[in-house]
Amino acid sequence: MKTRYLVGCFLLVASMNVETSMAQGIINPSAGAIHRSMAGASTAIAVDAAGATYWNPASICYIKRTEMYVGADFVYGDTFLDASVEATGQFGSNRSDSGLASAPAIGVVYRPQESLFRYGLGIYALVGRTIDCPGAEFNPILMPWDPPNSFGVGPVSTNFSALQIAPILGYQLSDKLYVGGGPVVTTMSLLLDPALQAERNPNGTFPPATHSRPRWGFGFQVGIQYHPDSPWSFGGSFKSRQVFDTFSYNSKDETGAARTLEAEVDLPMMFSVGVGYEGFEKTLIAVDFRYFNYKN
């Protein structure tokens, strides 16, 4: 059976067990319109308060004045799930009713006069995704569980969101060197139907994982920036693993009898390094390299 998956919940559940993950996975690459226009590159240099508080806490020292950014992104995901079985010739393509999602971004940088300290606060949507695929007659994945006629899971729905709050303290060690850090607090909601990570019900179907409250996770971040007497700038940051309390769901089996499901979900440790260049008038060039430690 060969299948092609383009649906977030399958990728999400699979990421709980895989040892390798490419790209940024579930993490939004940027916060706010200006930061997004720079593709999220802000480890070595910052363009606004939202970007300065997102990847490198030392970036708040680069902001030359007290600044507040309040904005939101609106994201429309045009997502399809395609699946085929060569042996039977079954094929189906179904669109997810994902709708329009919002991603708020708030960044505050306070720079007291005649002080080497800087104070920052970032509040932003770290994760936000909805998948809602209906049951289907021909799609092998979305067909009902009815062996030997079909072996699907039926309709698929996933709602995954996380809001992160990051207070930051920055310090200007010299005219060229900045450091920063602080705690990171995240509230996350994860709803899955079906819950593919759970044991099957006696009749072979999967239970839902939809009755649960948001969970809280905690970690920290530190960063450094270096601005020599040249157009170049350099930066590096470390975000610790975000450890959450256990996700618990009040679920049920195919008869309606109560089941309790649990899942351990954390956000990965992240390393960032970056370089920026301001050698051209009215032009800023920045590149970030990021490592997401999903394996551990």
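1. Three cavities of 30 Å³ or more turn up in this chain. Please keep in mind that the model is predicted.

2. The largest cavity has a volume of about 50 Å³. Its lining consists of Gln164, Val184, Phe220, Gln221, Lys239, Ser240, Gln242 and Met270. Sorted by class, these are three nonpolar, four polar and one charged residues.

3. From that lining, Gln164 is worth a visit. Gln164 belongs to strand S9 (residues 156-172), and it counts as buried because its relative accessibility is 4%. The side chain of Gln164 makes a polar contact of 2.9 Å with the side chain of Thr186. Leaving aside residues up to four places away in sequence, Gln164 touches Gly122, Ile123, Tyr124, Leu126, Val184, Val185, Thr186, Lys239 and Gln242.

4. The second largest cavity holds about 40 Å³ of space. Around it you will find Asn28, Ser30, Ala31, Gly32, Arg36, Asp73, Ala103, Pro104, Ala105, Tyr124 and Ala125. Strand S5 (100-110) and strand S6 (117-133) are the elements that give two or more residues to this lining, and S5 supplies the largest share, three residues. By class, the lining has six nonpolar, three polar and two charged residues.

5. Now to the charged pairs: the chain has eight salt bridges. One of them joins the side chains of Arg36 and Asp73, at 2.6 Å from N to O. This pair links distant parts of the chain, with Arg36 in helix H2 (residues 33-37) and Asp73 in strand S2 (residues 67-76), 37 residues apart.

6. Arg213 and Asp245 form another salt bridge, with their closest N and O atoms 3.6 Å apart. Arg213 lies in the loop between strand S10 (177-193) and strand S11 (215-226), and Asp245 in the loop between strand S13 (243-244) and strand S14 (247-252), so the pair ties together parts that are 32 residues apart in sequence. Arg213 is partly exposed, with a relative accessible area of 45%, and Asp245 is partly exposed at 33%. Salt bridges with shared partners join Arg213, Arg215 and Asp245 into one network.

7. A last pair to look at is Asp288 with Arg290, whose side chains meet in a salt bridge of 3.1 Å, N to O. Asp288 is buried, with a relative accessible area of 18%.

How values were computed
Residues are numbered from 1 along each chain as its sequence is written. This is a predicted model: local features need pLDDT of at least 70, side-chain atom pairs count only at pLDDT 80 or more; totals for chains, interfaces and linings use all residues. Side-chain values use heavy atoms; hydrogens and water are left out. On a 1 Å grid over the protein atoms alone, a cavity is a set of points where a 1.4 Å probe fits but cannot get out, and a pocket is an open set with protein on both sides within 12 Å along at least five of seven lines; lining residues have an atom within 4 Å of a point. Grid points are joined across faces, edges and corners, and a volume is the space filled by probe spheres set on the points. Ala, Val, Leu, Ile, Met, Phe, Trp, Tyr, Cys and Pro count as nonpolar, Asp, Glu, Lys and Arg as charged, and the others, Gly among them, as polar. Helices (H or I, at least four residues) and strands (E, at least two) are DSSP runs, numbered from the N terminus. Buried means under 20% relative accessible area, exposed over 50%, partly exposed in between (1.4 Å probe, protein chains only). A polar contact is a pair of N or O atoms within 3.5 Å; within protein, one must be able to donate a hydrogen and the other to accept it, and residues adjacent in sequence count only if both atoms are side-chain atoms. Contact means heavy atoms within 4.5 Å. A salt bridge is a side-chain nitrogen of Lys or Arg within 4 Å of a carboxyl oxygen of Asp or Glu.
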